[in-house]
Amino acid sequence: MDSMSRYVQKAAKVFDDALASENKSDDALASENTSDDVLRIENLTVHYVSDDETVYAVNNVNLSIPIGKTLGLVGETGAGKTTTALSILNLIPEPQGRIISGEVYLEGEDVLKMNTRQLQSIRGNSVAMIFQDPMTSLNPIKPVGDQVAEGIKLHRGTDKAQALRYAADMLETVGIPRDRVMEYPHQFSGGMKQRVVIAIALACNPSLLIADEPTTALDVTIQAQVLQLIKELKKNSKMSMLMITHDLGIVAEICDFVSIMYAGRVVEHGSLEDIFDNMRHPYTEGLFNSLPDLENRKAELKPIRGLMPDPTNLPSGCPFHPRCNYAKDECSVDIPNVNHLSDTHIARCHLYNNTQENMLSMGGDE
């Protein structure tokens, strides 16, 4: 078998078919402060606080993305993926949203210490974001060309005419004819709207692109087209990317590294091969077991039992232990440390406190 395991083949086949028709310490995931990382997040904790309760959205997260590489951030809804992404732009909604601790270094500068003017200078320039729903990302009463040109005028200092010409060039780059530059969002299909959003994000050639489930609202054929476009544009511009997704097929096709997130924590991180060929965390195993078997259409799915925990009342110890087939007594008491399994691979799980052997092969309670 090739270097990618049957899991990659299993996860990626859905994408390929469509394309054919279209963090020993809590600092473990934080890299050394070198020029090799365009993004480095250290010990990030974000809460949403109201009069009645506190949502523990992100809990001591560490991530890094090397220059020119793509990190896939994977997990169920409510895992804290989008909140992590918004923290990179310092866009956590106030007053409820509070960054309790942590540093977010973008090209060596701590975003969380920047003032309003400094933040304005990087948003859409050094870092840009593709949001989940293109329908709500675009202003319905402004032509799409003006919306692409807005960031160009702000960050490049060009006049309106120059910015509009460059906006037309960007629209052509993403496959939209330049003669549609003065049309409005309602005149575009869902896939074309997402292309406009991509053009806005890439207009100033950012060092880091954050793609927050960019294909969720699209059918599978258009999804394949948009992902292929993002791959080509990323390759040509040599930018880094944070890809937030539920879809393991997208991860297999797009990403160089993968972080698995659960209840606001990164529970496993590694290279694409580490995660797909040698997964170690029971939650990661559960995600892969939930994929349909494309070779046996009659095989039943193996979903992860139970539901994501209430983020206002997280379980003691490891937050995954109520759903885990491998849970031991200590799992409900102590939060697991980060275990280094290789130079690139870590897992936050008690199974590996005294061994680096893959314990998932030992089985668990069904």
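Arg265 counts as buried, at 16% relative accessibility. Buried means under 20% relative accessible area, exposed over 50%, and partly exposed in between, with a 1.4 Å probe and protein chains only. Arg265 lies in strand β10 (residues 265-271). Leaving aside neighbours within four places in sequence, Arg265 is in contact with Asn59, Asn60, Val61, Ile260, Ile335 and Arg348. Contact means heavy atoms within 4.5 Å.

This is a predicted model, in which local features need pLDDT of at least 70, side-chain atom pairs count only at pLDDT 80 or more, and totals for chains, interfaces and linings use all residues. Residues are numbered from 1 along each chain as its sequence is written, and side-chain values use heavy atoms, with hydrogens and water left out.

**The sheet**

Four strands form an open sheet in the order β2-β1-β4-β5, with antiparallel pairing. At its edges stand β2 (54-66) and β5 (109-110); each has a single partner strand, so one side of each is left without a neighbour in the sheet. Strands (E, at least two residues) and helices (H or I, at least four) are DSSP runs, numbered from the N terminus. Two strands pair if DSSP finds at least two bridges between them. Strand β1 (residues 37-49) is joined to β2 by nine bridges. The bridge partner of His47 is Tyr56 in β2.

Helix α2 (residues 81-88) lies across β1, β2 and β4 (97-106). It runs at about 115° to β1. Axes are lines fitted to C-alpha atoms, for helices over the stretch in contact; angles run from 0 to 180 degrees between N-to-C directions.

**Two crossing helices**

Helix α5 (residues 144-156) and helix α6 (residues 160-173) have axes that come within 8 Å and cross at roughly 115°. Residues of α5 that meet α6 include Val148, Ala149 and Ile152. On the α6 side, Leu164, Ala167 and Met170 are among them.

**Cysteines**

How many disulfides does the model have? The count comes to zero. A disulfide is a pair of cysteine sulfur atoms within 2.5 Å. Two cysteines show the distances involved.

| Cysteine | Closest cysteine sulfur | Sulfur distance | Relative accessible area |
|---|---|---|---|
| Cys318 | Cys331 | 6.1 Å | 11% |
| Cys349 | Cys324 | 6.2 Å | 8% |

The sulfur of Cys318 is too far from that of Cys331 for a bond. The sulfur of Cys349 is likewise too far from that of Cys324. Cys318 is buried, and Cys349 is buried too.
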